[in-house]
Amino acid sequence: MVVLKPMFTPRRRILDGELEFLDGDHVFTARAGDFIHVPRGIRHRFKNRGAHAARMIFMFTPPGPEQVIADYAQPVQYGQAPPSQVDDDQLARYEEMVRLTGVINVPEAT
């Protein structure tokens, strides 16, 4: 999903793997060791287009969203693939995270 976050600035450090990022209108691949900064209010998303799991650390300014993610997100278990379909429970948790953090879902294309 493409989102924008008007209330905070997300930053990410890629630990393992590769992820495709959308930052505004720019698409690029981030690899282990890369640091991604997305300014507040810029539409963005990431996708794992590879065959292997990727790991990253999220950092937020100002702080706060990390606790919402810890409370509502369901981490993938090490060595297992994420679910191929989003079920009703996952969707409900995502919608609550969006409500609590003020994230706005936006279209992929401009």
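Student: Over how many bridges do β3 and β4 pair, and in which sense?
Tutor: Strands β3 and β4 (residues 26–31) pair over 6 bridges in the antiparallel sense. Strands here are DSSP runs (E, at least two residues), helices are runs of H or I with at least four, and both are numbered from the N terminus. Two strands pair if DSSP finds at least two bridges between them. The model is predicted, so to speak of local features takes a pLDDT of at least 70 and side-chain atom pairs count only at 80 or more, while totals for chains, interfaces and linings use all residues. Residues are numbered from 1 along each chain as its sequence is written, and side-chain values use heavy atoms, leaving out hydrogens and water.

Student: Which residue in β4 is the bridge partner of Phe-21?
Tutor: Phe-28 is the partner of Phe-21. The hairpin of β3 and β4 has 2 residues between the strands, and Gly-24 takes a positive phi near 70° there.

Student: What else does β3 run antiparallel to, and with how many bridges?
Tutor: β3 is joined to β6 by 4 bridges, again antiparallel. In that pairing Leu-22 stands opposite Arg-45 of β6.

Student: And Ala-30, where is its place?
Tutor: Ala-30 is in strand β4. Ala-30 is buried because its relative accessible area is 0%; buried means under 20%, exposed over 50%, and partly exposed in between, with a 1.4 Å probe and protein chains only. The C-alpha atoms of Ala-30 and Ile-14 are 7.2 Å apart, although the two residues are separated by 16 residues along the chain.

Student: Different topic. Which strands form the open sheet, and in what order?
Tutor: The open sheet has 3 strands, ordered β5-β2-β7, with antiparallel pairing. β5 (35–37) and β7 are the edge strands, each pairing on one side only. Ignoring direction, neighbouring strands of this sheet are turned by 20° against each other on average; axes are lines fitted to C-alpha atoms, for helices over the stretch in contact, and angles run from 0 to 180 degrees between N-to-C directions.

Student: Over how many bridges do β2 and β5 pair?
Tutor: β2 and β5 pair over 3 bridges. Phe-35 in β5 is the bridge partner of Arg-13.

Student: Now the rings. How many aromatic pairs does the structure hold?
Tutor: There are 5 aromatic pairs. Rings of Phe, Tyr and Trp (its six-membered ring) pair if their centres lie within 6.5 Å, and planes under 30 degrees apart count as stacked, over 60 as edge-to-face and the rest as tilted. Phe-8 and Phe-60 make an edge-to-face pair, because their planes are at 85°, with centres 5.2 Å apart. This pair links distant parts of the chain, 52 residues apart: Phe-8 is in the loop between β1 (2–4) and β2, and Phe-60 is in strand β7. Phe-8 is buried at 4% relative accessible area, and Phe-60 is buried at 11%.

Student: What about Phe-21 and Phe-46: how far is it centre to centre?
Tutor: Phe-21 and Phe-46 are 5.8 Å centre to centre, with 40° between the planes, a tilted pair. Phe-21 in strand β3 (residues 18–23) and Phe-46 in strand β6 are 25 residues apart. Phe-21 is buried at 1% relative accessibility, whereas Phe-46 is partly exposed at 34%.

Student: Which residues do ring pairs link into a cluster?
Tutor: The cluster consists of Phe-8, Phe-21, Phe-28, Phe-46, Phe-58 and Phe-60.

Student: Last one: where is Val-103 found?
Tutor: Val-103 is in the loop between α2 and β8 (104–106). Val-103 is buried, with 13% relative accessible area.
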